[in-house]
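Please read the following note alongside the sequence and the model.

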Amino acid sequence: MNNGVVEACSGTVSTKAKKDISRRYLKIYAEHLKEEPEVAKKFEVSQKAWIQYRNSYCEFIFSTSGAPAVDFCHMRLNSARALELLELSGG
């Protein structure tokens with residue numbers, strides 16, 4: 001396995017997970033906005049903080065391990081967040 005394969009596979013999975021994150025985030029946000037706008041705002045703030053965490057953590061990984069590791073980092077964190085939002089949205 002070489003760096004290009006890791007990058008391609010990680011990128012494909014990460015892109016799918018980011019689409020899932022966006023779709024689920026919008027669904028959860030809209031549901032709370034109707035009934036509990038303050039909860040929707042907290043959810044928005046938490047999502048922005050999560051994105052900041054993901055980006056800064058993966059930048060750290062890049063600085064210590066290089067390109068393939070950062071792609072894997074994004075894939076791993078995006079996939080985990082997609083699952084978290086799936087649980088929050090009720091499946």
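The points below take up confidence, the disulfide, the nonpolar core, aromatic pairs and salt bridges in turn.

1. Basis and confidence. This is a predicted model, in which local features need pLDDT of at least 70 and side-chain atom pairs count only at pLDDT 80 or more, while totals for chains, interfaces and linings use all residues. Residues are numbered from 1 along each chain as its sequence is written, and side-chain values use heavy atoms, with hydrogens and water left out. The pLDDT (the predictor's confidence in each residue, from 0 to 100) has a mean of 92 over the protein chain, and 96% of the residues reach 70 or more. Helices here are DSSP runs (H or I, at least four residues), numbered from the N terminus.

2. The disulfide. A search of the whole structure finds one disulfide, the term being used for a pair of cysteine sulfur atoms within 2.5 Å. The bond joins C58 to C73, with an S to S distance of 2.1 Å. Because C58 lies in helix α2 and C73 in helix α3 (residues 67-88), the pair ties together parts that are 15 residues apart in sequence. The torsion about the S-S bond is about -85°, so the disulfide is left-handed. Both C58 and C73 are buried (under 20% relative accessible area; exposed is over 50% and partly exposed in between, with a 1.4 Å probe and protein chains only).

3. C9 is in no disulfide, and the nearest cysteine sulfur, that of C73, is 17 Å away. C9 has a relative accessible area of 48% and is partly exposed.

4. The nonpolar core. A nonpolar core is taken as a set of buried Ala, Val, Leu, Ile, Met, Phe, Trp, Tyr and Cys residues joined through side-chain atoms within 4.5 Å. The largest has 13 residues, of which I21, F43, C58, C73, L77 and L85 touch the most other members. Helices α1, α2 and α3 each supply at least two residues of this core, and α3 gives the most, with five residues.

5. Contact means heavy atoms within 4.5 Å, and neighbours within four places in sequence are left aside for R81. V70 lies in helix α3 and is buried at 14% relative accessible area. V70 touches C58, I61 and F62, not counting residues up to four places away in sequence. The C-alpha atoms of V70 and E59 are 7.0 Å apart, although these residues are eleven apart in sequence. With neighbours within four places left aside, L85 is in contact with I21, R24, Y25, I28, F43 and Q47.

6. Aromatic pairs. Rings of Phe, Tyr and Trp (its six-membered ring) pair if their centres lie within 6.5 Å; planes under 30 degrees apart count as stacked, over 60 as edge-to-face and the rest as tilted. By this rule there are four aromatic pairs. Y25 and F43 are stacked, at 5.0 Å centre to centre with 20° between the planes. Since Y25 lies in helix α1 and F43 in helix α2, this pair ties together parts 18 residues apart in sequence. Y25 is buried at 15% relative accessibility, and F43 is buried at 10%. Y53 and Y57 are also stacked, at 5.7 Å and 20°. These two are four residues apart in helix α2, about one helical turn; Y53 is partly exposed at 42%, as is Y57 at 27%. Y25, Y29 and F43 form one aromatic cluster.

7. Salt bridges. With a salt bridge defined as a side-chain nitrogen of Lys or Arg within 4 Å of a carboxyl oxygen of Asp or Glu, the count comes to six. D20 meets K16 at 2.9 Å, N to O, and D20 also pairs with R23, the closest N and O atoms being 2.9 Å apart. K16, D20 and R23 are linked in a network of salt bridges. D20 is buried at 12% relative accessibility, whereas K16 is exposed at 52%.

8. A buried arginine. R81, in helix α3, counts as buried at 10% relative accessibility. R81 forms a salt bridge with E84 (2.9 Å between the closest N and O atoms), and E84 is partly exposed at 38%. R81 is also in contact with I21, F43, S46, Q47 and W50.
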